[in-house]
Amino acid sequence: MNHYLGLLLLFLFFFVLGYLIYLFMVVLPNSRKSKKDKKYPPEVQLLQGYYKINIEKIGLIKVLRILNLVNALMFSALIMIVFNIKQMWLKVLILVILILPTIWVVYYFVAKLLKHIERKRDNV
């Protein structure tokens, strides 16, 4: 039981760390820019280009906050997957193999959520 509590605390530490880094590096700088100076982060460009999400309709800050939560969860989960592995080369190999499919699947569901929010805004 004590081992699981330690892993949970470690997960929460990495979640908060990832959340704060993304918040200070991406969300807050983009919230301070004027509309004409905004250059979207790559995640938002992916959602806008590939999944055809209308970012202006939903709101850039709302999208960035959702992405902040999702990226922090994804970051923490990937770290916890390889946490108990001792060899560094094996950790890196597993992370390299897992990162793209994880991003693909997670961003697919984020796009579904954002499409739902976009449709909800159309109906109001």
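Predicted model: local features only at pLDDT ≥ 70, side-chain atom pairs only at ≥ 80, totals over all residues.
## Ground rules and confidence

Residue numbers start from 1 along each chain as its sequence is written, and side-chain values use heavy atoms, with hydrogens and water left out.

The protein averages a pLDDT of 91, and 97% of the residues score at least 70; pLDDT is the predictor's confidence in each residue, from 0 to 100. Confidence is highest in H4, at 95, and lowest in helix H3 (residues 55-58), at a mean of 90. Helices here are DSSP runs (H or I, at least four residues), numbered from the N terminus.

## H4 against H5

Helix H4 (residues 60-82) packs on helix H5 (residues 88-123) at about 155°, their axes 10 Å apart. That angle makes H4 roughly antiparallel to H5 (over 145 degrees, on a scale from 0 to 180 between N-to-C directions). The axes are lines fitted to C-alpha atoms over the stretch in contact.

The crossing of H4 and H5 is right-handed, with the near helix turned clockwise from the far one by less than a right angle. Sorted by class, their contact has 19 nonpolar, two polar and three charged residues. Nonpolar covers Ala, Val, Leu, Ile, Met, Phe, Trp, Tyr, Cys and Pro; charged covers Asp, Glu, Lys and Arg; the others, Gly among them, go down as polar.

## H4 against H2

Helix H2 (residues 42-49) and H4 cross at roughly 110°, with axes that come within 10 Å. H2 and H4 are therefore roughly perpendicular (65 to 115 degrees).

From H2, the contact (heavy atoms within 4.5 Å) takes in Glu 43, Val 44 and Leu 47; from H4, Leu 60, Val 63, Leu 64, Leu 67 and Asn 71. By class, that's six nonpolar, one polar and one charged.

## Asn 68

Asn 68 belongs to H4 and, at 1% relative accessibility, counts as buried (under 20% relative accessible area, 1.4 Å probe, protein chains only).

Setting aside neighbours within four places in sequence, Asn 68 touches Gly 18, Tyr 19, Tyr 22, Leu 23 and Val 27. Val 26 lies 42 residues from Asn 68 in sequence, yet their C-alpha atoms are 8.6 Å apart.

Terms used. Helix = DSSP H or I, 4+ residues; strand = E, 2+ residues; numbered from the N terminus. Parallel < 35°, antiparallel > 145°, perpendicular 65-115°, else oblique. Buried < 20%, exposed > 50% of the residue type's maximum accessible area, 1.4 Å probe, protein only.
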